[in-house]
Amino acid sequence: MVSAIYSLAAAVLCFFKPMSGPTCIIMKLLVISIILYLFKSLQDGHAIYFYLNLGVSRTEYYATPFVVEFICFLLLLTLSISMGYVIR
């Protein structure tokens, strides 16, 4: 939820100020790393064993949602910057 709120706020900012795109990307990488740390440290250790038994590795379990979310963020930011340039 926090990551989605940041994504929308960054898209709105880049819509009005397209030159702030690289700053938003760097901040997003910091937000993702903080959320991943909190996700790993606050999670119950028994929940992951269900996925490990299905053949999903720990790296896939932790990295896949964040990679997909980052790709969606980049698409949203690209669309927002493009629309910002078109409207002006």
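Reply: Ser80 is placed in helix H4, helices being DSSP runs of H or I with at least four residues, and strands runs of E with at least two, numbered from the N terminus. The model is predicted, so local features need pLDDT of at least 70 and side-chain atom pairs count only at pLDDT 80 or more, while totals for chains, interfaces and linings use all residues. Residues are numbered from 1 along each chain as its sequence is written, and side-chain values use heavy atoms, with hydrogens and water left out.

Ser80 counts as buried because its relative accessibility is 9%; buried means under 20% relative accessible area, exposed over 50%, and partly exposed in between, with a 1.4 Å probe and protein chains only. Not counting residues up to four places away in sequence, Ser80 touches Ala11, Val12, Cys14 and Phe15, where contact means heavy atoms within 4.5 Å.

Val67 is also found in helix H4. With 45% relative accessibility, Val67 counts as partly exposed. Its C-alpha atom is separated by 9.4 Å from that of Ile32, 35 residues apart along the chain.

Glu69 brings in a charged pair. Its side chain meets that of Lys28 in a salt bridge, at 2.9 Å from N to O; the term requires a side-chain nitrogen of Lys or Arg within 4 Å of a carboxyl oxygen of Asp or Glu. Lys28 lies in helix H2 (residues 21–42) and Glu69 in helix H4 (residues 58–87), so the pair ties together parts that are 41 residues apart in sequence. A search of the whole structure finds one salt bridge. Side chains of opposite charge can pair when their charged atoms come close. Lys28 counts as buried, because its relative accessibility is 0%.

Ser7 lies in helix H1 (residues 2–16), and at 6% relative accessibility Ser7 counts as buried. Its side chain reaches the backbone oxygen of Ser3 at 2.9 Å.

Ser7 and Lys28 also belong to the contact of H1 with H2. Among the H1 residues there are Ser3, Ser7 and Cys14, and among those of H2 are Gly21, Lys28 and Ile35.

Notes: Polar contact = N/O pair within 3.5 Å; in protein donor to acceptor, adjacent residues only side chain to side chain.
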